[in-house]
2 protein chains.
Amino acid sequence: MDYLDAIAWNADGLVPAVAQDAASGEVLMLAWMSRESLALTVATGEAVYWSRSRAKLWRKGETSGHLQRIVEIRLDCDADSVLLRVEQAGGIACHTGRRRCFFNLLDAGSGSPRWRCTDPVPGSTGTDREGS
Amino acid sequence: MDYLDAIAWNADGLVPAVAQDAASGEVLMLAWMSRESLALTVATGEAVYWSRSRAKLWRKGETSGHLQRIVEIRLDCDADSVLLRVEQAGGIACHTGRRRCFFNLLDAGSGSPRWRCTDPVPGSTGTDREGS
């Protein structure tokens with residue numbers, strides 16, 4: 001069986017893909033892959049996702065240069081999630097300029113829980129979450 | 001704004017949640033959370049997911065004992081993916097008895113790429129992928 005046929009694609013023909021820095025272990029981002037994007041990822045050795053917002057193939061780093069070189073690709077027990085262990089070019093995975101997309105920490109301290117940005121954009125002094 | 005309202009829930013009212021071992025950095029699994037399951041996770045300090053196959057709340061470890069104690073909860077830049085850093089009880093996250101669900105490695109060596117199980121079930125000598 002073709003390795004692509006082993007995947008339990010969702011109704012939109014996509015599967016969630018988690019990108020993890022192979023060196024640091026940091027979880028960088030979660031994006032989506034189509035059958036074609038995964039095949040291109042395997043063929044090129046660089047992460048290619050499916051952009052749901054733009055409805056097109058998204059070669060990670062095609063504009064920013066922050067591409068992700070594939071170290072290994074893993075599939076989970078239910079065959080409906082993919083894990084990419086990658087080398088992150090430039091050390092920046094997030095479109096905001098941060099090294100990872102998961103920069104909002106749930107602060108459940110005093111009072112109501114709230115999301116607090118823990119990762120300032122390099123070169124910036126701000127720590128507030130953008131766009132909120 | 002309530003922290004739950006900050007999340008871009010999908011059309012089914014769910015968000016993908018990646019669970020990562022806080023100590024080892026290993027990515028353990030990807031599951032889904034509903035608004036209620038995330039609120040319960042925050043309230044109890046233990047991971048509660050939404051089981052899409054059973055269409056009900058899924059208190060991780062409720063039958064196996066392999067619960068996940070929450071170390072931190074993170075939200076990504078687009079507010080549509082959650083990262084849980086956890087302490088995995090028993091060191092076993094996968095229902096197959098493995099420590100993680102991502103035990104299938106894409107082996108792109110000679111010939112056609114294929115998924116190869118890298119993590120034997122503890123106590124077993126088999127290394128073939130189950131159910132395929």
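With a relative accessible area of 14%, Cys77(B) is buried. Throughout, buried denotes a relative accessible area under 20%, exposed one over 50%, and partly exposed a value in between, computed with a 1.4 Å probe on protein chains only. The structure is a predicted model, in which local features need pLDDT of at least 70 and side-chain atom pairs count only at pLDDT 80 or more, whereas totals for chains, interfaces and linings use all residues. Residues are numbered from 1 along each chain as its sequence is written, chains are lettered from A and ligands numbered from 1 in the order in which they are written, and side-chain values use heavy atoms, with hydrogens and water left out.

A disulfide is a covalent bond between the sulfur atoms of two cysteines. Under the criterion applied here, a pair of cysteine sulfur atoms within 2.5 Å, the count over all chains is zero disulfides. Cys101(A) accordingly takes part in no disulfide, and its nearest cysteine sulfur, belonging to Cys77(B), lies 3.7 Å away. For Cys77(B), likewise in no disulfide, the nearest cysteine sulfur is that of Cys101(A), at 3.7 Å. Cys101(A) also counts as buried, at 8% relative accessibility.

The relation between the chains was then examined. Two copies of a chain are related by a rotation about an axis and a shift along it. Superposition by least squares on the C-alpha atoms of residues with pLDDT of at least 70 in both copies places chain A on chain B through a rotation of 180 degrees with a shift of 0.0 Å along the axis, at an RMSD of 0.0 Å. The two copies are therefore related as by a two-fold rotation axis. Gly25(A) is the residue of chain A that comes closest to this axis, with its C-alpha at 2.7 Å. Both copies use the same surface, since 100% of the contact residues of chain A recur in chain B, contact being defined as heavy atoms within 4.5 Å.

Secondary structure was assigned from DSSP runs numbered from the N terminus, with helices (H or I) of at least four residues and strands (E) of at least two. Helix H1 of chain A spans residues 35-44, and its buried residues are Ser37(A), Leu38(A), Leu40(A) and Thr41(A). Viewed down the axis of H1(A), these residues fall within an arc of 160 degrees and so line one face of the helix; the arc is that of the directions from the helix axis to the C-beta atoms. Just after H1(A), Gly45(A) adopts a positive phi of about 75 degrees.

Strands E3 (residues 48-51) and E4 (residues 56-59) of chain A run antiparallel and are joined by four bridges, where pairing requires that DSSP find at least two bridges between the strands. Val48(A) has Arg59(A) as its bridge partner in E4(A). The hairpin of E3(A) and E4(A) has four residues between the strands, and Ala55(A) takes a positive phi near 55 degrees there. In chain B, Ala79(B), a residue other than glycine, shows a positive phi near 60 degrees. Ala79(B) lies in the loop between strands E5 (68-75) and E6 (82-88) of chain B, and it is buried at 3% relative accessibility.

Over all chains, 22 salt bridges are counted, each being a side-chain nitrogen of Lys or Arg within 4 Å of a carboxyl oxygen of Asp or Glu. One of them pairs Glu62(A) with Arg54(A), whose closest N and O atoms are 4.0 Å apart. Glu62(A) is partly exposed, with a relative accessible area of 43%, and Arg54(A) is partly exposed with a relative accessible area of 43%. Arg116(A) forms a salt bridge with Asp107(A), with the closest N and O atoms 3.1 Å apart; Arg116(A) is partly exposed at 35%, as is Asp107(A) at 26%.

In chain B, Glu87(B) and Arg69(B) form a salt bridge with their closest N and O atoms 3.4 Å apart. This pair links distant parts of the chain, Glu87(B) being in strand E6 and Arg69(B) in strand E5 of chain B, 18 residues apart. Relative accessibility is 44% for Glu87(B), which counts as partly exposed, and 39% for Arg69(B), which also counts as partly exposed. In chain A, a network of salt bridges links Glu26(A), Arg99(A), Arg100(A) and Asp119(A).
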